[in-house]
Number of protein chains: 2
Amino acid sequence: MARLPTRWYNIAADLPEPLPPMIDPLDDEGSRIARLVEILPSRLIELEYTLDKYIDIPGEVLDAYMKIGRPTPLARAKGFEKALGVGGGVKIFYKFEGVLPTGSHKINTAIPQAYYARLDGASEVVTETGAGQWGLAASTAASMFALKTTVFMTASSYRSKAGRRRLMEVLGATVYSSPSSVTENGRKALAEMGESHPGSLGLAIAEAVEYTLSSPDRRYLPGSVMEAVLILQTVIGLEVLSQLRDEPDYMIACVGGGSNFAGFTYPAIGAWLRGEGFEKTRFIAAESTASPKLTGGRYMYDGLDAGTVLPLAKMYSLGKDHVPPPLHSAGLRYHAAAPSLSLLRKLGIVEAVALGESEVLRHAMLFARSEGIIPAPESAHAIAAAAMVARREAGNGGVTIVFNLSGHGLLDVDAYTRFVEGGGDG
Amino acid sequence: MARLPTRWYNIAADLPEPLPPMIDPLDDEGSRIARLVEILPSRLIELEYTLDKYIDIPGEVLDAYMKIGRPTPLARAKGFEKALGVGGGVKIFYKFEGVLPTGSHKINTAIPQAYYARLDGASEVVTETGAGQWGLAASTAASMFALKTTVFMTASSYRSKAGRRRLMEVLGATVYSSPSSVTENGRKALAEMGESHPGSLGLAIAEAVEYTLSSPDRRYLPGSVMEAVLILQTVIGLEVLSQLRDEPDYMIACVGGGSNFAGFTYPAIGAWLRGEGFEKTRFIAAESTASPKLTGGRYMYDGLDAGTVLPLAKMYSLGKDHVPPPLHSAGLRYHAAAPSLSLLRKLGIVEAVALGESEVLRHAMLFARSEGIIPAPESAHAIAAAAMVARREAGNGGVTIVFNLSGHGLLDVDAYTRFVEGGGDG
């Protein structure tokens, strides 16, 4: 029976070696870490550094989690198993986060972050967004706690993803095309390149941070990568533990920055680290070949952003200046994987696989047609990885695969259309 | 605690007078009722006429309901209450059906219908769709039961709502622009008006019925209005009864054909009809001023469709040829209300209110900004009606309002954009 957890889980308490801390770049003026402390909700900073194993979920956040439809379903993908033709021995289950109001797992962390911002007495939350998923989740959560929202959206997405921008505006958010004229960073970029500037996530982060610093009533909300964000996503995996009848052979999720992977797998990985089960379970991170940090990156200190604002952290990274090709699954473009996920990968506790776009979208459509759920292209990386494992294990008998379907694809019809019209087997 | 019901409820068993039966038009060749029997899943015909009070939900349908995220949440709208300024005495709750994979309640009936079609040995389901919500739900359900789907979509929507059409295609459905060249009805219309024909729901129904009749492997799936469809939606209201702590003063839902209103309220209305509670509860149907059948129509025998294919039923109707003005909430355009709902209205058990579009969308935006959920414009009629009641009852103390939020508006951003840009208070 699905049970909504009352505590989040923090893997830092169970890691076999300490997590390398964030550091400031040596050549910088002032401390970026100190600035982070200044702009984040204060409880988020505590979570970033705590070694407490469990963190109580505040009552108002529990109420909000129930309101948005948690616990989310864990379902068996019988139709997809049949479509793959892997036989009855291979069972595939998926946790479906697409039932949440913005269509993905992002809202799980946006809600407590907005709540913590209000606890600080803030009246406004600020963030950046690329394709718009995180901005939409942040705007939604802010509305739930009566906070104003300001979002800096990369100029290219501001123009091409007008739908998500307008949804944020319906929710009452102020959305600026980045570079904007409301910050020094934005004005400088506009002066250099003019209105045709496509923007970048790094620049949008710099604008959001600058804008947050300009008033004590504002707090900055990070969408992924930070350990605090990962902790707040563990509600997914804790629910899964209450929903699973047996320990699975595989747990699979896609990786952008790592928050949905961590949220889904860390409670089980933690149990294994403590010697409390999951001995046979393999944990597989599914990334995009366009941004293959875990399979093709280096484990090193690198910038959390493109290098201008946020501290450095030790991560598998492709380099902070990595620019992936245009990608259907914009949520997987990030250049690095969260510090704890990177450490687990280095220790061999988490495995990784990189998947190409056409393989991913082909499996996404097979899943849609056999299960009735159109997946987000990002989440479809987990589907394709699950299919790969299922085919490999077919005939081995009694294998169980569980993956996280982190979001639906109702707003991603353009990605599918381009795929089908580009010659995909639609 | 939310509980997934194991039986649907049938109000026909508790009505104080018998439901007037469907009839054939006197001047017709052949029987339309006999044809309906031929094209519908056979179990659906049984449900249409049964007086059994409860109908067991088959195990495979229960599994599918859990998979899509049932039971859905019932939440208190504290932020909206505050935004309305109605004081602590008025409590507003909402049942949220927008967590379901196609974003609305339509999937609740599509799933059992597809299941019953498969029980008949059919390999394909056929239906018509206007804006695309029903077609998307039918395609989703068909995929869950490994059935082929064919959808006849009105030509004007086929062109203007390409997004929803493509989502159906991702799910594997074949979508024809209606009038199409695959049926006699379609070819006749094309011959008369050519490719510029905008289509109509009546014509799309005629095409879907003709196409279904042309093969014994096909079954036709109706989206609303029929009593069988209403029964299959009562999963909503039965969940609500398990979620409510006390009997509410008001239960409110919007009305297109009546399936979401019936699904939400009938279990409570039935309890009242049997003398088992809900004495103080008022049941309010919120319709659009553009299609005000319950407040402005006549109770009479009229066509279930525009007059060419389906039988007649006794309903509050604006006349089968009623053409409402273009409307943001396309799902409320239907000219009549389901027979049982019409009878309950005639008996004074259900009240009705008609709401104008700008009032509705203004309240939709207020709700989005105070609750963090963007409602479907259709569902927003229930929000506006709840707000009206809340304002009227403010200061009366201890009043509880529950409404059905039948769908989210993530795919309706155009409606909001037109409203804001047209001078709505965005």
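**Entry 1: salt bridges across the interface.** I started with the rule: a salt bridge is a side-chain nitrogen of Lys or Arg within 4 Å of a carboxyl oxygen of Asp or Glu. Side chains of opposite charge can pair when their charged atoms come close. Across the interface of chain A and chain B, the rule gave me 2 salt bridges. I looked up Lys67(A), which forms a salt bridge with Glu371(B), with 2.7 Å between the closest N and O atoms.

**Entry 2: ground rules.** I noted that this is a predicted model, where local features need pLDDT of at least 70 and side-chain atom pairs count only at pLDDT 80 or more, while totals for chains, interfaces and linings use all residues. Residues are numbered from 1 along each chain as its sequence is written, chains are lettered from A and ligands numbered from 1 in the order in which they are written, and side-chain values use heavy atoms, with hydrogens and water left out.

**Entry 3: the contact.** How many residues of chain A are in contact with chain B? I found 40 residues of chain A in contact with 40 residues of chain B, where contact means heavy atoms within 4.5 Å. The copies meet through the same surface, because 100% of the interface residues of chain A are also interface residues in chain B.

**Entry 4: the buried area.** The area buried between chain A and chain B is about 3200 Å², and carbon and sulfur atoms give 67% of it. Here buried area is the accessible area (1.4 Å probe) that two parts lose on being put together, summed over both.

**Entry 5: polar contacts and elements.** I counted 8 residue pairs in polar contact across the interface, both residues at pLDDT 80 or more. A polar contact is a pair of N or O atoms within 3.5 Å; within protein, one must be able to donate a hydrogen and the other to accept it, and residues adjacent in sequence count only if both atoms are side-chain atoms. Among the elements that give two or more residues to chain A's side are helix 3 (59–67), helix 8 (162–170) and helix 16 (357–371) of chain A. Helices (H or I, at least four residues) and strands (E, at least two) are DSSP runs, numbered from the N terminus.

**Entry 6: symmetry.** I laid chain A on chain B by a turn of 180 degrees and a shift of 0.0 Å along the axis, with an RMSD of 0.0 Å. The two copies are thus related as by a two-fold rotation axis. In chain A, Val99(A) has the C-alpha nearest the axis, 2.2 Å from it. The superposition is by least squares on the C-alpha atoms of residues with pLDDT of at least 70 in both copies.

**Entry 7: around Arg70(A).** Arg70(A) and Glu97(A) meet in a salt bridge through their side chains (2.8 Å, N to O). Arg70(A) lies in the loop between helix 3 and strand 3 and Glu97(A) in the loop between strand 4 (90–96) and helix 5 (107–119) of chain A, so the pair ties together parts that are 27 residues apart in sequence. I also found that the peptide bond from Arg70(A) to Pro71(A) is cis, with omega near -5 degrees.
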